[in-house]
Amino acid sequence: RCENLVEVYFQLQQQVMAVSTELGPELLPQLLERFNEVLSSLVKSSFLVEKQPPQVLKTQTKFQASVRFLLGPQLLKAAPKPYMVRADMVTEKQARELELSNYSNTLSESTGEILHNTVALETNPTSGNCCANFKNVLLKKIKRCERKGSESVTEEKCAVLFSTNVTLTPSNVSIHLQVLSLPIVVIVHGNQDNNAKATVLWDNAFSDIERVPFVVAERVPWDRMCDTLNLKFMAEVQTTKGLLKEHYFFLAQKIFNDHSASPEDFQNRHVSWAQFNKEILPGRGFTFWQWFDGVLDLTKRCLKSYWSDRLIMGFISKQYVCKLLSMQLDGTFLLRFSDSEIGGVTIAYVMRGKDGSSQVENIQPFSAKDLSIRSLGDRIRDLGQLRNLYPNIPKDQAFGSHYNSEWGGPG
């Protein structure tokens, strides 16, 4: 614990001072200087971000954050008035310079204007914690940097730098404390939110703990991407039912635009940031992440219980659906996420022609707006051509618990 280390430090310092006359005029100053360096390092490392600012931050929107000084209750007891902590926006370049100087440099210029950015560092009498709580901070505007090549504003990472100057007791040493938040992508409009979330997800998932701010790999193993998509899906939807191997196979075919490889082939591949959220999917007007995020949003808002009950196959191609359903009984159906639209779920079902040949039909995808008007369960009940959920579960048995009890028959 930091507190115990500080106690050891002061005990050692007292012991050195007790034998100061024996140490000589050269050794004593060296030891005391070294003691101050150790104390400074220990104190600086105990200044932490307790509550991170939002990693996608919209200008003109209030947000909250807090920092905690672990050694504050021990070292700031005799302060005549609270010390003030300041919050400033810094660019990736500034963050890198601070890191490389081991936070000995101070910020020369903020890269954005933050309102209500100075808060007292106070010790809570109940908990004993020494914190500065930023409750109504607002990023008024941001100064954009020069971007590299095709980099967009939603790929630009910055951070909030929290800083303060404190004088420690009983040593009377003045120390400049500063700590960086996690990387932040600043947006000015809601339509940038989706791409900003992609930048944050990639950085959080694939950056090394010990790194130069905010360097992250351009390519990552596909199996790590699968783990990331699965964790993201379960966290956003708030479900314990994650993605399955067959889902990963479909997602691999989609992101690599390769329908000839086997699941084993994909396991040895690397996926790039460009494939994730820069390159438009073939024949579509959106990227892989934009499509996947649309699925997340739809499932979270309208399909959580259906997904958790494993009633939605979801991540499956239209071609494979035809293969599964063509040999089934009339009216057999399954649910898949739309390939052609962002945030849509469609129902595919099989019907037999007069000549006995099977035909697989796909109902126009339902959006979150559609399902807020009438739920998926009730829509399935409405459609008489739907009989059994693939492979052979009667639809009332599969979806009965999702029907609206007030329903009185098709309108």
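Okay, housekeeping. What you see is a predicted model, where local features need pLDDT of at least 70 and side-chain atom pairs count only at pLDDT 80 or more, while totals for chains, interfaces and linings use all residues. Residues are numbered from 1 along each chain as its sequence is written, and side-chain values use heavy atoms, with hydrogens and water left out.

Let's start with helix 4, residues 92–100. Helices here are DSSP runs of H or I with at least four residues, strands are runs of E with at least two, and both are numbered from the N terminus. Which residues of helix 4 are buried? They are E92, Q94, A95 and L98. Buried means under 20% relative accessible area, exposed means over 50%, and partly exposed is in between, using a 1.4 Å probe and protein chains only.

Now look down the axis of helix 4: the buried residues fall within an arc of 160°, so they line one face. That arc is taken from the directions from the helix axis to the C-beta atoms. On the face turned away from the buried side you find K93 and L100, which are exposed. And what do the buried residues pack against? Strand 4 (83–91), strand 8 (158–167) and strand 9 (174–180).

Zoom in on Q94 in helix 4. Its relative accessibility is 15%, so Q94 counts as buried. Leaving out residues up to four places away in sequence, Q94 touches M89, L107, E109 and T111, where contact means heavy atoms within 4.5 Å.

On to aromatics. Rings of Phe, Tyr and Trp (its six-membered ring) pair if their centres lie within 6.5 Å; planes under 30 degrees apart are stacked, over 60 edge-to-face, and the rest tilted. The count is 25 aromatic pairs. One of them is F249 with F266: the centres are 6.0 Å apart and the planes at 55°, so this pair is tilted. F249 lies in helix 7 (residues 245–256) and F266 in helix 8 (residues 263–267), so the pair ties together parts that are 17 residues apart in sequence. F249 is partly exposed at 25% relative accessibility, whereas F266 is buried at 1%.

F288 and W291 make a tilted pair too, at 6.2 Å centre to centre with 45° between the planes. Both sit in helix 10 (residues 288–308), three residues apart, about one turn of the helix. F288 is buried at 0%, and W291 is buried at 0% as well.

W291 also has K254 over its face, 4.4 Å from the ring centre. For that label, NZ of Lys or CZ of Arg has to be within 6 Å of the ring centre and within 35 degrees of the ring normal.

Last stop: the cores. A nonpolar core is a set of buried Ala, Val, Leu, Ile, Met, Phe, Trp, Tyr and Cys residues joined through side-chain atoms within 4.5 Å. The largest has 55 residues, and F276 and F315 have the most contacts inside it. Helix 10 gives the most to this core, with ten residues. Apart from that core lies another, of 37 residues, including V49 and L57.
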